[in-house]
Amino acid sequence: MSSEMYEHMRSNPKFQELVSKRSRFAWTLAFIVLTMFYGFVLVVAFKPALLGQPIHQGSMVTIGVVVELFMFIFFWVLTGVYVYRANGEFDSLTQELIKDAWKENK
Amino acid sequence: MGRLKRIGTTLGLFALTTMATLAHAGPPLGGTMEKQPINVPAIVMFCLFVCLTMGITYWASRRTKSTSDFYTAGGGITGFQNGLAIAGDYMSAATLLGLSAMVYGQGYDGYIYMLAFFAGWPIILFLMAERLRNLGRFTFSDITAYRLDQGKVRTMAAISSLTVVCFYLLAQMVGAGQLIKLLFGLEYKVAIFAVGILMMVYVIFGGMVATTWVQIIKACMLLVGGTLVAILAMSRFGFSYTNVVAQAQAVHKLGPKLMYPGSLLADPVTAISLGLGLMFGTAGLPHILMRFFTVTNAKEARKSVLYASGFVSYFFNVIFLLGLTGIIIVGQNSEFFVGGNIKGALIGGGNMVAMHLAKAVGGNLLLGFLAAVAFATILAVVSGLALAGASAISHDLYARVIMKGKASETTEIKVSKVATICLGFIAIVLGILFEKQNIAFMVGLAFGVAAAANFPVLILSMYWKGLTTRGALWGGYGGLVSAFLFVLFSKSVWVDVIHFKAALFPYTQPALFAMPIAFGLAFIFSKLDGSERAKLEIEAFEDQYVRGQTGFGAETASKH
C-alpha cells in the first residue's frame, strides 16, 4: 500500500514543486550560515587585529563583539524564518500531496 | 613556522579538551580538585531536585508501557518541551563553568568558541531535522538501515553508537565525581555511585518520559540560575557593558588585548577541524539524534530546534557576561584565591569562576543553587546517554539483529533495562578506576567517532541514492577506525597517556581528516558494488526519498 502511495506522490507535480522549493530554500540558508561562520573563522585565523578595533573612536564596544552578537541573533532569526515557511507553506503543500495520493489510491 | 605549529598543536589540545568537554559533558579537569567542606544549601536544593524528578519518574513509569513509550516518550513531546530538553542536553554544567572560565581567562576567545558551538544548530535544522523525524523511529540506525542490510548496518551503527556513548559516559562520570567532590564536599566514590544509581533509576523506571522531564527541569534551573547571577553582577556596573569592559581591561593581565582574538584559534587547520568536529559531531551524537524521535511530526521537530537554538544562543551571551563581570568581581577579591593571593590560583581551580561569582553576588544560597544545578545537569546528561546506549543494544542489536524483528515489546523493554543496569555498572566501575587518569581525550574521541562514523553514513543514507550496504559498512567502520587511530596517535593519547616522546599525528582534531576518509570509502565502495542487492537498495531509495520529504508513513510507524 505504502509503495503505491509513494508512487502517486512521486508522480504528482506538486511533489517536484515541494522538493525543489524546499531544497533551494534550505541550501540557501545553510550556505549563508556556513559562509558567514567560516568567513568569520578565517578572519579570526588571519586578521585577528581587525576584530579588536572599537566600532568608533574611544568606544569600549569592539567590532568583533558586534559581529558575533549579530551572528548569534541573525542565525537564530534564520532558523525562525525556515520554521515559519516550512511549517506553513511547505507543510500545507505536503498535506495536499498526501490527500491527492489517497484520492488516487481509491 | 615550527613554533606556530607547536602553538597550534598545544592550543588544539587545549581546544579539544576544553571545548568538546564544555559542550555537553563533564567539566574540564583544570586546576586542583581538593575536597571542600560540606555545602548544606547545595545538598538541600539538590535533594529537592531529586525528590521532584523521582516523583516525575514514578508518574512516568505508570505511563511507560510500550517500546515507543520507553525510547521516545510515545512521540508525544511537544516542540517547546523538546526544545528545552535539547538545550538541556547541549548546555551542561561544564558549559556554564568551562566557558565562563574561558572568558575570564581569555576574554573574547571564549565568545568565539561559543559561536562555534551554536553555529551547528541552524545547519542541523536546515539539512537534517525533518528527514530525521520522517525516517527514524527509535534510533538513528533506523534511518541508515532503512533500505540497507538490517543486520550488518545496524550492527555497525550500534558499535559506533556504543563507542560514542561509553567514552562520553566515562568522561562524564569522572568529571562529575570531581565536580561533586568539589562543590558538595562528598567523597569521589559516593558521588560516582550517586550519579550512577540515580541515572539507572531514571532510565529504567521512567524511560524517555522521565529522562526528558529531568532534562527540561534542569534546563530551566540552569537558565534561571545563570540569568540571576548575570543580573546581580551587571547591577554592580549600572547594567553598562561599557563600564564592565573598561574595568575588566584595566585589571586583566591581557589589558586592552582582552577583547582581541587571542591565540586559541591561531592555527587554521586546527580551527577548521575543530569547527567541523563540533558541528558534525553534534549531528552524529546518538543521544542528541534520539531527541528528534520524541516529537509527533516534522513540524514539532523543526520547532524544537528553533526553541533549542534560541535558548542556547541566549545562554551563551549570558555566560559571556558572567565571564567578563567575573574578571572584576572574582578576579579582584582575595577571598576566592588560594592563600588570598589574587595573582595565584583560584580556589577549586580555574573552572570555578561562575561559582565564585554566584557566591560574591548572591551569597551561599545562590552558590548552593548553582551547585545543585550543576549536579542536576550531570545527571540529566548521563541519563540521556544511558538511554541512547541501551536503545542501541536492545532495539538495534537484540530486537533487529539477533531476533530479526521477532522480539516481543515486553522482552525488548526488559533487555533495554538490563542493558541500562550493565551500562550503569560499567560507568560506576570505570569511573572509579579512572579517577586519577587523564580522560580528556575521551570526549574528543566520542566527538571524532560521532563526526566520522555516524554522521557521514547517516547523511549519505538520507541524501545519496547510490549508497549501498557495502559502501555504508566501509564508510562507517572506516570512519570509526580512522577517528580512533587519529586520536590514538595524537598528542593527547600517544604522549599524554601512553607517554611516548612525540605524537605520530600532528593535529589533535580528527574531524578534518577522518570525515573525508569515511565519505570517500562510502562513495568508492558503493560505486564498486555491482551486486543484485545493491541494485535493489538503490531502487528502494525512491520510496525512502518520498517518505523523507513528506513524512508519509512516519506517523503510522510511531504508533505501532
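How many helices and strands does chain A have? Chain A has four helices and zero strands; here helices (H or I, at least four residues) and strands (E, at least two) are DSSP runs, numbered from the N terminus.

1. **Basis.** This is a predicted model, in which local features need pLDDT of at least 70, side-chain atom pairs count only at pLDDT 80 or more, and totals for chains, interfaces and linings use all residues. Residues are numbered from 1 along each chain as its sequence is written, while chains are lettered from A and ligands numbered from 1 in the order in which they are written.

2. **Chain A, overall form.** The pattern along the sequence of chain A is α-α-α-α. The radius of gyration of chain A is 22 Å, well over the 13 Å that the globule rule gives for 106 residues, so chain A is more spread out than a compact globule. That radius is taken over C-alpha atoms, and the globule rule is 2.2 Å times the number of residues to the power 0.38. The C-alpha trace of chain A spans about 75 × 25 × 20 Å along its principal axes.

3. **Chain A, burial and contacts.** In chain A, 27% of the 106 residues count as buried. A residue is buried if 20 or more other C-beta atoms lie within 10 Å of its own, exposed if 12 or fewer, and partly exposed in between, with C-beta atoms placed from the backbone. Of the contacts in chain A with a separation of 6 or more, 64% are between residues 24 or more positions apart. Two residues are in contact if their C-beta atoms, placed from the backbone, lie within 7 Å.

4. **Chain B, overall form.** Chain B has 22 helices and zero strands. The C-alpha trace of chain B spans about 75 × 60 × 45 Å along its principal axes. Of the 560 residues, 67% count as buried. For contacts in chain B with a separation of 6 or more, 84% come from residues 24 or more positions apart.

5. **The core.** The largest nonpolar core has 236 residues. Such a core is a set of buried Ala, Val, Leu, Ile, Met, Phe, Trp, Tyr and Cys residues joined through C-beta atoms within 7 Å. Val195(B), Leu357(B) and Leu370(B) touch the most other members. Helix H15 (residues 353-402) of chain B gives the most to this core, with 32 residues. Val195(B) is in contact with Met173(B), Ala176(B), Ile378(B), Leu379(B) and Val382(B), leaving aside its neighbours within four places in sequence. In soluble globular proteins, nonpolar side chains tend to be buried together.

6. **The A-B interface.** In this interface, 41 residues of chain A are in contact with 43 residues of chain B. On the side of chain A that touches chain B, helix H1 (2-11), helix H2 (13-46), helix H3 (48-52) and H4 each supply at least two residues. H4(A) gives the most, with 18 residues. That side of chain A divides into 29 nonpolar, nine polar and three charged residues. Here Ala, Val, Leu, Ile, Met, Phe, Trp, Tyr, Cys and Pro count as nonpolar, Asp, Glu, Lys and Arg as charged, and the others, Gly among them, as polar.

7. The axes of helix H4 (residues 63-105) of chain A and helix H14 (residues 298-329) of chain B come within 10 Å and cross at roughly 170°. That makes H4(A) roughly antiparallel to H14(B). Angles under 35 degrees count as roughly parallel, over 145 as roughly antiparallel, 65 to 115 as roughly perpendicular and the rest as oblique. Axes are lines fitted to C-alpha atoms, for helices over the stretch in contact, and angles run from 0 to 180 degrees between N-to-C directions. Residues making the contact include Phe72(A), Trp76(A) and Asp91(A) of H4(A), and Arg302(B), Leu306(B) and Phe316(B) of H14(B). The residues of this contact divide into seven nonpolar, seven polar and four charged.

8. **Loop residues to check.** Most residues other than glycine have a negative phi. Phe239(B) has a positive phi, near 55°. Phe239(B) is in the loop between helix H10 (188-235) and helix H11 (241-251) of chain B, and counts as exposed, with 10 C-beta neighbours inside 10 Å. Lys404(B), also not a glycine, has a positive phi of about 50°. Lys404(B) lies in the loop between H15 and H16 of chain B and counts as exposed, with 10 C-beta neighbours inside 10 Å.
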